[in-house]
Amino acid sequence: MSKYLLDKFLYTVDRDPELVERYRDDPAGTVAWWEQERANEILNCAVAEKSTWLAFTDDERKALRDHDHVALFGLGAHPFLTLTLFIAMFERDHGPLEYQKAYGRVLQEHYSLPYPDIAT
């Protein structure tokens, strides 16, 4: 399991409006494409610089494909990164702050202190 890779996915997708829409419309395809094409890119380096070993676990892939922020939180994804991306994808379907409140309520149903470790 790589909390870093989960956070990297959330971070990079959230910063590209086209990827946000792609992930909203085709989560399975976007996750598979991103893992194949972007997971091993080293951020802020020359394009030729890549690692070779990063890959999602089956549980991580499933949580990302299902847009399951509760499972992502349990896997150690940073909740701020998940929330900001999911706001970009789903807030338009809800009234002001409705999505954010629902996001928090669902997490409360599954987690209490101490929260899972989100350090990478």
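## Around Phe86

Let's start with one residue and look at its surroundings. Leaving aside residues up to four places away in sequence, Phe86 touches Tyr23, His67, Asp68, His69, Leu72, Glu91 and Tyr99. Keep in mind that this is a predicted model.

## The nonpolar core

Phe86 also belongs to the largest nonpolar core, which has 28 residues. The members that touch the most others are Phe9, Tyr23, Phe56, Leu64, Leu85 and Phe86. Which elements give two or more residues to this core? They are the helices α1, α2 (17-25), α3, α4, α5 (69-74), α6 (79-90) and α7 (98-110).

## Aromatic pairs

Across the whole structure, a search finds eight aromatic pairs. One of them joins Phe9 and Phe56: the ring centres are 6.1 Å apart and the planes meet at 80°, so this pair counts as edge-to-face. The cut-off for that label is an angle over 60 degrees. The two partners come from distant parts of the chain, 47 residues apart: Phe9 lies in helix α1 (residues 3-14), while Phe56 lies in the loop between α3 (27-37) and α4 (58-65). Are these two residues buried or exposed? Both Phe9 and Phe56 are buried.

Phe90 and Tyr99 make another aromatic pair, this one tilted, with 5.9 Å from centre to centre and 40° between the planes. Phe90 and Tyr99 are both buried as well.

Key:
Residues are numbered from 1 along each chain as its sequence is written. This is a predicted model: local features need pLDDT of at least 70, side-chain atom pairs count only at pLDDT 80 or more; totals for chains, interfaces and linings use all residues. Side-chain values use heavy atoms; hydrogens and water are left out. Rings of Phe, Tyr and Trp (its six-membered ring) pair if their centres lie within 6.5 Å; planes under 30 degrees apart count as stacked, over 60 as edge-to-face and the rest as tilted. Helices (H or I, at least four residues) and strands (E, at least two) are DSSP runs, numbered from the N terminus. Buried means under 20% relative accessible area, exposed over 50%, partly exposed in between (1.4 Å probe, protein chains only). A nonpolar core is a set of buried Ala, Val, Leu, Ile, Met, Phe, Trp, Tyr and Cys residues joined through side-chain atoms within 4.5 Å. Contact means heavy atoms within 4.5 Å.
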